[in-house]
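Try each one yourself before reading the solution.

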Amino acid sequence: MLAIAAIFAVGRWFETPRLWAAPVVSSGPASRISDPDIGGERNAVDDPAAVAAGDSLRDTDVDGAVRLDAQGLPIPDRELRRLFDYFLSRSGEQSPEAIRSALLEHLQSRLAPPALATVLAWFDAYLLLEHDSATLAQASDDREHTFARVRSLRRERLGEALADAWYGEEERAFELADARSKLLAERGLSEAERNRRLAELNAMSADATPQAAQLDEALRQNREFELAGVDAATRYAEREAQFGVQAAQRLGELDQHRAQWQLRLRSYAAQRQSVLADNALSQSQRQQRLDALLARFDANEQRRVDALTRNGKLPGQ
């Protein structure tokens, strides 16, 4: 379920968080925090924001955890990212500021101020990275090239160790799935050789976590739905059978947001082209009209539209 929530969170658009500096964390022996007051792996949501009427996290358990090292400092591991993703599954229901406040309220009485400041700094960094990664993904249809650019961006921002801790599992799952797809498409292989190499890949895949595998499967399935033009009812039925009701609902909502975004993009692209083709306009008039069209998007969306425009990815380009 969390992997699906992560897709939903990444697929939505966030306000740009504040600039950040990565805190220094001790590399001493780690201790797993089992006290529910610290955040354990499955602890009841007890902050007011989480039980507000209409909140999708109401009556759910917090997923993820804060782990501390021997000096009591938080460790930026996959468990922490799971905690971030859990709160970010509210995206679309609450503003980024409200989500951050909910995380703060959940942890404020549980962590010492220095540790809390560190976790919030990593949360801000995570939001900014996910935002910029989504921009890269929207600007290119080349899945493999986008993966390479996003992977590089993660290490540029976070460093090798933290990037691997947060993203290594799903990156390896992607690479294995891509290798499998290329192998199946490769011509000139005997059936025996193809089966032997597939068996090797399957053995490697056995090391991937179920969560990473679920994430890759959901992304693959969604691409197939888009290419085949599968209707909403069929998508929901297949997703419910494979991932469960909540995941099917979240992915359906993401489909709707994507469809609405594409409609807005097509309208913008058509009107932009009309302005550019109007020879009666002066340069300043043309720019004013283009600025007015762009102003219909919020600040984050404007960066997204600009990236698509510069890369020739607007509808009709």
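**Exercise 1.** Are phenylalanine 147 and phenylalanine 174 buried or exposed? Then classify the geometry of their ring pair.

*Solution.* Keep in mind that this is a predicted model.
- Step 1: start with accessibility. Phenylalanine 147 is buried, and phenylalanine 174 is buried as well.
- Step 2: a pair of aromatic rings is described by the distance of the centres and the angle of the planes.
- Step 3: the ring centres of phenylalanine 147 and phenylalanine 174 are 4.1 Å apart and their planes meet at 15°. Planes under 30 degrees apart count as stacked, so this pair is stacked.
- Step 4: Phenylalanine 147 belongs to helix 5 and phenylalanine 174 to helix 6, so the pair ties together parts 27 residues apart in sequence.

**Exercise 2.** Describe helix 5 by its length, its buried residues and its packing partners.

*Solution.* 
- Step 1: helix 5 covers residues 143–158, which is 16 residues. From first to last C-alpha it reaches 22 Å, close to the 22 Å expected at 1.5 Å a residue.
- Step 2: the buried residues of helix 5 are Thr146, Phe147, Val150, Leu153, Arg154, Arg155 and Leu158.
- Step 3: these buried residues pack against helix 4 (113–138) and helix 6 (160–185).
- Step 4: look at one of them, arginine 154. Its charged end sits over the ring of tyrosine 167, 3.8 Å from the ring centre.
- Step 5: after helix 5 comes glycine 159, with a positive phi near 90°.

**Exercise 3.** The structure holds nine aromatic pairs. Classify the one formed by tyrosine 126 and tryptophan 166.

*Solution.* 
- Step 1: the two ring centres are 5.4 Å apart and the planes stand at 75°, so the pair is edge-to-face.
- Step 2: tyrosine 126 is in helix 4 and tryptophan 166 in helix 6, 40 residues apart, and the pair links these distant parts of the chain.
- Step 3: tyrosine 126 is buried at 0% relative accessible area, and tryptophan 166 counts as buried at 0% too.
- Step 4: widen the view. Ring pairs join Phe84, Phe123, Tyr126, Trp166 and Tyr167 into a cluster.

**Exercise 4.** Where do the buried residues of helix 11 fall when seen down its axis?

*Solution.* 
- Step 1: the buried residues of helix 11 are Arg286, Leu290 and Leu293.
- Step 2: viewed down the axis, they fall within an arc of 55°, so they line one face of helix 11.
- Step 3: An α-helix has 3.6 residues a turn, so residues three or four places apart point the same way.
- Step 4: the buried residues of helix 11 pack against helix 10 (245–277).

Technical notes:
Residues numbered from 1 in each chain as written. Predicted model: local features only at pLDDT ≥ 70, side-chain atom pairs only at ≥ 80, totals over all residues. Heavy atoms only, no water. Helix = DSSP H or I, 4+ residues; strand = E, 2+ residues; numbered from the N terminus. Expected span 1.5 Å × (residues − 1). Buried < 20%, exposed > 50% of the residue type's maximum accessible area, 1.4 Å probe, protein only. Contact = heavy atoms within 4.5 Å. Arc of directions from axis to C-beta. Phe/Tyr/Trp six-rings, centres within 6.5 Å; stacked < 30°, edge-to-face > 60°. Lys NZ or Arg CZ within 6 Å of the ring centre and 35° of its normal.
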